[in-house]
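Subject: Structure for you to look at

Hi,

Here is the structure I promised to send over.

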Amino acid sequence: MTLSTAMTAPSSKRAHFGLLLFTVALVLAPWIVGHAGGNTWVRTLDFALLYIMLALGLNIVVGYAGLLDMGFIAFYAVGAYLAALLSSPHLLQQFPALVALLPAGMHTSIWLILPLAALLAAGCGVVLGAPTLRLRGDYLAIVTLGFGEIIRILLRNLDRPVNITNGPKGIAQVDPVQLLGVNLARTQELFDLRLPSVYLYYYLFAALVLLILFACIRLERSRIGRAWMAIREDEEAAEAMGLDTRRLKLLAFAIGAAFGGVSGALFASFQGFVSPESFSLNESIAVLAMVVLGGMGHIPGVILGCVLLAALPEALRASMGPLQQALFGQVLMDPEIIRQLFYGLALILAMLYRPAGLWPVKAGGAR
Amino acid sequence: MSTPVLHIDQVNKHFGGVAALSNVSLNIQPGEIYGLIGPNGAGKTTLFNVMTGLYSPDSGRFQLDGKDYQPTAVHQVARAGIARTFQNIRLFNAMSALENVMVGRHVRTRNGLWAALSRHRIAREEEAQTREWAHRLLEYVGMSGFANYRADTLSYGHQRRLEIARALATEPRLLALDEPAAGMNASEKVQLRGLLEKIRDDGHTLLLIEHDVKLVMGVCDRISVLDYGRVIAQGTPEDVRRHPAVIQAYLGASAHV
């Protein structure tokens, strides 16, 4: 063991520098990507940003507090359905009595929806977290997985007897985000710059990613963050040091869920449509894979994991057809199928050769 | 006699038909190192676990600093004033030595969620004090050069010391050490003894649960010997050493010393 790997340097300055670099990259990214690949790719970036919010939330639960949550997408669903219900005609159609109250229709401001989504998701985090407090490891994973499915099945079936979620058909016509009178769904002209909708949403998402990132960095280097990591490292010793592990775990569940809820609300407004199928177990696993692939508990790693896993399927989708054309002169296999094969292969290789993640925490944790 | 730091009165604990502790009573006075010894299975660990809230006693009474003390959850124990170390070292491995000690300050600090996010003036002051405390404690146990080392990269002796520093960070009324010398070589034991004496001389009260009779006899001011869940002898090391019941328990009935 050499000194350089055993020592951990106080890294506050490096963190600030890293944040600055990330911000610059965040501002420039859509122009570079858009120039190279067009708006489809900027749209992929938009989704990557939503995933980053989700993964940063999950990172608090899994990475800091060490609680393996397999149903995290439930909080994304809660945020998405809240936004959909509060800014689509669905509720007014189902409950005509409400029309008198809201003659202009149900158009709740994003400024109200985001905090509500965060609060509601945090509440759900506490409610779903409370029964799992005594569970560890595999058992916790199974129960949270069940909770995730319960939420999805609930959304799927809450169209009877009273139609709240519109069941498997989902809720359409969700309002796009209106920000200071600007409709983000339409291309805007700013001086000589044409900003298509995907760019506008991109910058809204980027601003929220920065906000969440800021919160994560501050939490990580705080009394609360240290307590979470102590629980992750050795729960029994943490309790013996007087840490109220139940409260601290619930706090981790709540904060992680709040970030997930914000992401979900943005997703609903961005898509204009939500249905239960967007919130399947596969999505929970995808977000978990981003956190684990990047490096659990390490913010830059988590972000890297999100960007890679959000972009990889799209890159493979775009490249597998032409690649076969070039190699064999014809398309032998459906690019969709090969894409999944390579996606799985990439994950397996990454975990074999970088089990701690692509960009894990350096040897120590001095914060 | 002054108020004992810990007063244990007639504590009983049964597991099924086995009396793990029967009518155990002892008093730990301020500023002493109190030893608890006994052969394997004598009930040392059970007493320790009852004391630290892991089990609840069937009957009996605990008083800490003259006040009734009945922990219902493990995390209340440190707040009440008893800090412990573990027989098999349990540090927060992926965290630095400094952070380990800072976690020990948790019960004596207040910064919450808002403090973490806003970092207002009071929050920053508390955080700086926590850090300062932790540095001082590391220096106190002779580890000032290791603040930024990951806990699991430290040597065995240092890990033991770090556990003690982490426990001291909770400002305990009683520092309970569960077999601190386990696995140590002779020179590490000598150093440990020096550290324990230093901690006592600085006004702390210690409870030592130990297998190593030589260490206990050398460092403790008073000792209780447990056997089959009963206290068979109590007193200074000299008293205990000569006590017939102790000799019998350790060496068998027919031994003559």
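A definition to start with: helix axes are lines fitted to C-alpha atoms over the stretch in contact, and angles run from 0 to 180 degrees between N-to-C directions. Helices (H or I, at least four residues) and strands (E, at least two) are DSSP runs, numbered from the N terminus.

Two housekeeping points. Residues are numbered from 1 along each chain as its sequence is written, and chains are lettered from A and ligands numbered from 1 in the order in which they are written. The model is predicted, so local features need pLDDT of at least 70 and side-chain atom pairs count only at pLDDT 80 or more, while totals for chains, interfaces and linings use all residues.

**A helix pair in chain A**

Helix α4(A), residues 73–86, and helix α6(A), residues 110–129, have axes that come within 9 Å and cross at roughly 140 degrees. That makes α4(A) oblique to α6(A) (under 35 degrees counts as roughly parallel, over 145 as roughly antiparallel, 65 to 115 as roughly perpendicular and the rest as oblique). Among the residues that meet are F75(A) and L82(A) from α4(A), and L116(A) and L120(A) from α6(A); contact takes C-beta atoms, placed from the backbone, within 7 Å. This contact divides into 12 nonpolar, 2 polar and no charged residues. Here Ala, Val, Leu, Ile, Met, Phe, Trp, Tyr, Cys and Pro count as nonpolar, Asp, Glu, Lys and Arg as charged, and the others, Gly among them, as polar.

**Where the chains meet**

In chain B, 33 residues are in contact with 32 residues of chain A. On chain B's side, α2 (74–80), α3 (97–104) and α4 (113–118) each supply at least two residues, and α3(B) gives the most, with 5. By class, that side has 14 nonpolar, 12 polar and 7 charged residues.

**Backbone details**

Most residues other than glycine have a negative phi, and most peptide bonds are trans. In chain A, the bond joining R160(A) and P161(A) is cis, with omega about -10 degrees. P161(A) sits in the loop between α7 (137–157) and β1 (178–179) of chain A.

In chain B, N23(B) has a positive phi near 50 degrees and belongs to strand β2. D65(B) also has a positive phi, of about 55 degrees, and lies in the loop between β4 (59–64) and β5 (67–68) of chain B.

Best wishes

How values were computed: Two residues are in contact if their C-beta atoms, placed from the backbone, lie within 7 Å.
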